[in-house]
Each structure stands twice: as C-alpha cells, then as structure tokens.
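I opened a new page in my notebook for this one.

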Amino acid sequence: MRIREVRGRRIWDSRGRPTIEVDVVNEDGSWGRGVAPAGASRGTREAVERRDGGVRFGGLDVQQALSGIEREIAPALRGLDVGDQSAIDALLVRLDGTPDRSRLGGNALVATSLAALQAAAAAARTPLWRHLAQGRPVRLPLPQVQVFGGGAHAGRRVDVQDFMVIATGAESFAHALEITADVYRCAGELMAQRGRLAGVADEGGWWPDFARNEDALDTLVAAIERAGFTPGGEVAIALDIAASEFGRGGRYRLALEQEELDSDAMGERLVRWIERYPVASIEDPLAEDDEAGLAAFTRAVGSRVQVVGDDYLVTNAQRVRDAAAAGACNCVLVKPNQAGTVSEARAALQAAREAGYATIVSARSGETEDVAIAHLATGWDAGQLKVGSFARSERMAKWNEGIRIEGEQPGPAGFWGARALAGGRR
Ligand code: PGA
Ligand code: ZN
C-alpha cells in the first residue's frame, strides 16, 4: 500500500504545551496518526525537539518543525510503501541529516514515524499490537505505575522523580491495574489523613509533600499495607531516581536532605533503601555521565534488583551494547521519541534482548490521548510498560487500552507478570 498524503498539525499536550500530530493517509484511504510526546527530565543525548524559540508560547511552538513536515517530509514520503517501516525511518533520518535529529526535529520525526506505523496497521486492517507481533505469540506487559511524582515533575519538591509500584502478584494486566488502583487510592487517603493532600504532579502521582525522600518510601509501604497487600509480596516498589537531574561529575546534591554525596555514597544510600524497602526496580540510580558508578551499582545489586537505564541509554542500540560491555544496568527503558523513529527504538529493544537485558516501553511526562505506547509494549513483547500514574486521562487512556488489548488475548497466559523483571525478584 502506497502513501498518498502526509499532514502535520499543532495540537496541545498534557502540560498545555504545543506538540506535533501527523496523519499518514494511504492510497486506499486508510490512515494512521502519530503524536510526539515530550520529556521534562531528558537525557543529554536524546533526539532533539525542534521548537521555535522566541516568546510565543514560551518559545515552545512547533511551526518550524511543521513547515519541515510540509516542505520536506511529506513530498519525500509520498508514493512510498507504508509497510516498509525501516525504509521510511531510514529516509527520515537521511532527510534530517544531523546526528541529533535537530534540523527537522525529533518531534517531527517521531510523530511521522508513528503515523506511518499506524497507517500500515490500518492498511492491513489489524490492531497495531497484532500488526507488530506478526503472528508471534506476545504477552501483555507488567505495568510500573507511579504513586508519588517528584523531581522535575513536581517542582523538585523531593529529589527522587518516581515512586512507583509493580503488582508482582498479578495474574493478568487487568488484575495488575486492580491492585494498583487500591494502592493509589490508599496512598491518597494516607496523605489526606496527615493533612498533606495537595493534588497531583505532572504524571498524575500524588503531590510529594514530604520532608525526606525516605518519607515517601515509608508512605508507599503503608499504602500497600492499607490496601491489604504484602509489600514485597503481591506488590513491590519501583523507583526512578532520575539522578542526572541532581548529579554531575560524580557529585549528587540531595536538596531535601541538604546533603552532597559522591558516587559511592550515593550508590550506598540506594543500597540501603533496597535493603530497607521492597524495591524490585530502580531507574537511573546514578547520573548519565557516571558509567563507572552505574556499573559498580549493578555489580552490587543487579542480581536482586532491576537496574534500568533511561537518561544513560537514551533508547540507543549502540549505547545499550556499550553499557552491556561495561556491565552497567540490566534493563533498558525504551522511549521512541528519545531515538527519533520507531525503527531505532525497536533496534534498541533488540540490542537489549541480545545483551540479556529486560525492557520497559515508556511514555513521557508530556503526553496526549495517544495510546500507541500500549500497542508497542505488547506487540514488541517488551515485558513491561511505564506511563506515569493512575490518574488523568492521558495516563488512563494507555492503561485502559491495555485492558482492551488483553480482551483480545487468550487470558492469563498472555501476561508477562513478574517474570518480566530483571534482577531475580520473580
Ligand atoms: P520525562 O521523564 O518524560 O519527563 O523526561 C520520564 C522518565 O524519566 O522516565
Ligand atoms: Zn526516567
């Protein structure tokens, strides 16, 4: 099926900021749509978004990127086989011509790439996850769901970015969400009881009105218990430290505790948390520029805990291979817009698999109602899915799409469950 038309438009994301939506229309009239999400705590080596700068919408408008879609991307894609995703993505990368995708913009590229993928599934008259699975058996992912937001998503009220839960005792995707719903509600009740309920952070997690980072961990354990579950039994904790946000050059500044730690001390602090709390997964425990620290931390806890690389690996296949050689991390966070195209994100996932690393497909803090991410996680059989908290429709749309996909599956056998986790807590 050939591409007839490519159209871009500006829409608005979950933070009320401009973003890019692209429609790819096929010759038979079938079509697909892709939307660029946006991060707030980005790795320095991510594909660069094209933003207009200046004063309009705080410099975040995307008119230049839209004009690139109209003048360069649309004419180049017209007439191409929509089913040949790698050729489409290779063309996008070639057209852009920069190593960091800054000319046409990673936002223009990812929206176009996702739109073409959706259009190919539409041409085949099949749901996206099934189109990606290509007849292979695939399973619904194990969700990582935020309960408290922090870091760049909560005005840096606490240093740690995501306090999350993993329903390790769940027998299906829908069951994992049932467990999560109870824990999320109970966490809100605990905050209300203490007079500390103050709305939600960017991804829908409860606002982290805590005096210390560890208070959030204590409250999370209490919420799991209040919901009637055993911490470390049916429900485990996952953290995204997002350490690149407060650490550089081997120095880590915890604003809440008013402490400055070196790489070893930071690693030791996290090991202490892992020993005190039922932490099954920990993301970006050290900064993106601290590979030695990440390798040492992985050596210390990687056999018990999943160590996830986000800012450090930026969904880049070569960086995943280099990390494996260095022994840093045992799991890769896969964000299509960090790479720029669907094929490059897929290549990072493949490199992770070859290195024996687990994978988590992830949304960004700036999102829309687009649910493609739930299909990518399932169709790629990635094992895990992270889309933020259990509130606000840009998050719930993705969890709810997982329920719909699972409805088309044979049942519990089609769910990864705790087996998806790296690090031995299965
Ligand atoms: P971001 O953060 O989408 O705001 O960059 C998400 C994450 O660090 O996982
Ligand atoms: Zn992260």
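**Entry 1: the metal site**

I began with aspartate 240, which is buried because its relative accessibility is 1% (buried means under 20% relative accessible area, exposed over 50% and partly exposed in between, with a 1.4 Å probe and protein chains only). A note on the source: this is a predicted model, where local features need pLDDT of at least 70, side-chain atom pairs count only at pLDDT 80 or more, and totals for chains, interfaces and linings use all residues. Residues are numbered from 1 along each chain as its sequence is written, chains are lettered from A and ligands numbered from 1 in the order in which they are written, and side-chain values use heavy atoms, with hydrogens and water left out.

Next I looked up what holds the zinc ion (ligand 2): Asp240 (OD), Glu283 (OE) and Asp310 (OD) coordinate the ion at 2.0 to 2.2 Å. Donors here are N, O and S atoms within 2.8 Å of the metal (3.2 Å for Na, K and Ca), and since water is not among the atoms, sites may look incomplete. Along the chain, the donors of this zinc ion have the spacing D-x42-E-x26-D. Aspartate 240 sits in strand E6 (residues 236-240) and aspartate 310 in the loop between strand E11 (306-309) and helix H9 (317-326), so the two tie together parts 70 residues apart in sequence. Helices (H or I, at least four residues) and strands (E, at least two) are DSSP runs, numbered from the N terminus. I found aspartate 310 buried as well, at a relative accessible area of 3%.

**Entry 2: helix H9**

Which residues of H9 are buried? I noted Ala317, Val320 and Ala323. They lie on the same side of H9, because their arc around the axis is only 120°, taken from the directions from the helix axis to the C-beta atoms. Strand E12 (331-334) and helix H11 (342-354) are among what covers them, with contact meaning heavy atoms within 4.5 Å. After H9 comes glycine 327, with a positive phi near 75°.

I then found threonine 341 in the loop between helix H10 (336-339) and H11. Is threonine 341 buried or exposed? Threonine 341 counts as buried because its relative accessibility is 0%. Leaving aside neighbours within four places in sequence, I listed its contacts as Asp89, Leu92, Val93, Ser113 and Pro336.
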